[in-house]
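Subject: Structure handover

Dear colleague,

Please find below the structure that I promised to pass on to you.

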Amino acid sequence: MENNLEKNLAVNASVKYETLPGQEHYVAPLSETPLKEVDSVDESAPATSMWADAWRTLRRNPLFIISSIVIAIIFVIALFPSAFTKADPNKCLTELALDPASGSSIFGFNSQGCDTYARVIYGTRTSVSVGLLATILVVIVGSLIGALAGFFGGWIDAVLSRITDIFLALPMLLGAIVILQMFRTSKSIWKIVLVMVLFGWVGVARIARSAVMESKNLEFNTASTALGSTPIRNLFRHIIPNSLAPIIVVGTTSLGSYIVLEATLSFLGIGLPTTTVSWGGDISDAAHDALSTNPEVLLYPSAALAITVLAFIMMGDAVKDALDPKSCKA
């Protein structure tokens, strides 16, 4: 007992120090304060990044899980349509026109006598392909233009911003109709995609410009420049990768819009060729030929289009919540 008391007195004496002549300031021993627990650092805990935190949030989001499952099914159908139907979507028999659902066709036949189920399945590949290609090219073009404007500033920013404002004033659907009407004699998927890119890069460019202007003033860019890195290297190696979060959000939410735009153009008869199986073309045929007598022919491609677009919108909302620094990630 006496030994413990002597040890405590020795510890207490060791934590006394003079602040002013003739005055002593007492500091409690570390063992008697919670500072030890506060100052202790768990070195075994791995460092996390924004992407790791976002993925952790997405895995707990039911909206993301449901949309991921639906999108996965859609991609499987688009990649392997023959695994879901053995019927030829382009084989049409007039004697089967508007026949109801039966064992040979679970969705029945359209006004041309084509298998509606087979056309919905094969139309998935066309619509998803157009949407994906348009989104990828829009993100690349818009990100590049916005990054150059935001990083270099000055006259480069002024010129690119004015060009962006000009295209921003042009409605995408109206512009696409005008351009496609000029080249109506030749229709192809790539022509639809290029028209979407021509009018769709503006929104991504504005987001990329703002993100790059914010990132270029951070410490990592200054440190990289001090180590001798060139501006172009900084832009593509450091700044653009750190500005991808809002760009990914915009691209994810825009994919469904491009699928709808393709269906709209095909519905108007200026989109994909009539020989190409697409949801927009089937919706157009059903609306003109069988809407009043057989509305179910219109229902199936419309439902496929709506489910696909809804899945991508849900995915975009989930990604936006996960990458938004202001959102709660508890």
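**Cavities**

The second largest cavity holds about 40 Å³ of space, where a cavity is a set of points, on a 1 Å grid over the protein atoms alone, at which a 1.4 Å probe fits but cannot get out, and where a volume is the space filled by probe spheres set on the points, which are joined across faces, edges and corners. Please keep in mind that this is a predicted model, in which local features need pLDDT of at least 70 and side-chain atom pairs count only at pLDDT 80 or more, while totals for chains, interfaces and linings use all residues. Residues are numbered from 1 along each chain as its sequence is written, and side-chain values use heavy atoms, with hydrogens and water left out.

The lining residues of this second cavity (those with an atom within 4 Å of a point) include L180, F183, R184, K191 and I270. By class, its lining has four nonpolar, three polar and three charged residues; here Ala, Val, Leu, Ile, Met, Phe, Trp, Tyr, Cys and Pro count as nonpolar, Asp, Glu, Lys and Arg as charged, and the others, Gly among them, as polar.

**Salt bridges**

The model has three salt bridges, each being a side-chain nitrogen of Lys or Arg within 4 Å of a carboxyl oxygen of Asp or Glu.

D157 and R209 form another bridge, with their closest N and O atoms 2.8 Å apart. D157 lies in helix α6 (residues 154-168) and R209 in helix α8 (residues 189-215), so this bridge ties together parts that are 52 residues apart in sequence. D157 is buried, at 12% relative accessible area, whereas R209, at 26%, is partly exposed.

R162 and D165 also form a salt bridge, at 2.9 Å between the closest N and O atoms, and they are separated by about one helical turn because they stand three residues apart in helix α6.

**Aromatic pairs**

There are six aromatic pairs in the structure, a pair being two rings of Phe, Tyr or Trp (its six-membered ring) with centres within 6.5 Å, and planes under 30 degrees apart count as stacked, over 60 as edge-to-face and the rest as tilted. F75 and F312 have ring centres 6.4 Å apart and planes at 85°, so this pair is edge-to-face. F75 belongs to helix α4 (residues 62-79) and F312 to helix α13 (residues 296-323), 237 residues apart. F75 is partly exposed, at 27% relative accessibility, while F312 is buried, at 5%.

Finally, ring pairs join F107, Y117 and Y300 into a cluster.

Notes: Helix = DSSP H or I, 4+ residues; strand = E, 2+ residues; numbered from the N terminus. Buried < 20%, exposed > 50% of the residue type's maximum accessible area, 1.4 Å probe, protein only. 1 Å grid on protein atoms, 1.4 Å probe; cavity = no way out; pocket = protein on both sides within 12 Å on 5 of 7 lines; lining within 4 Å.
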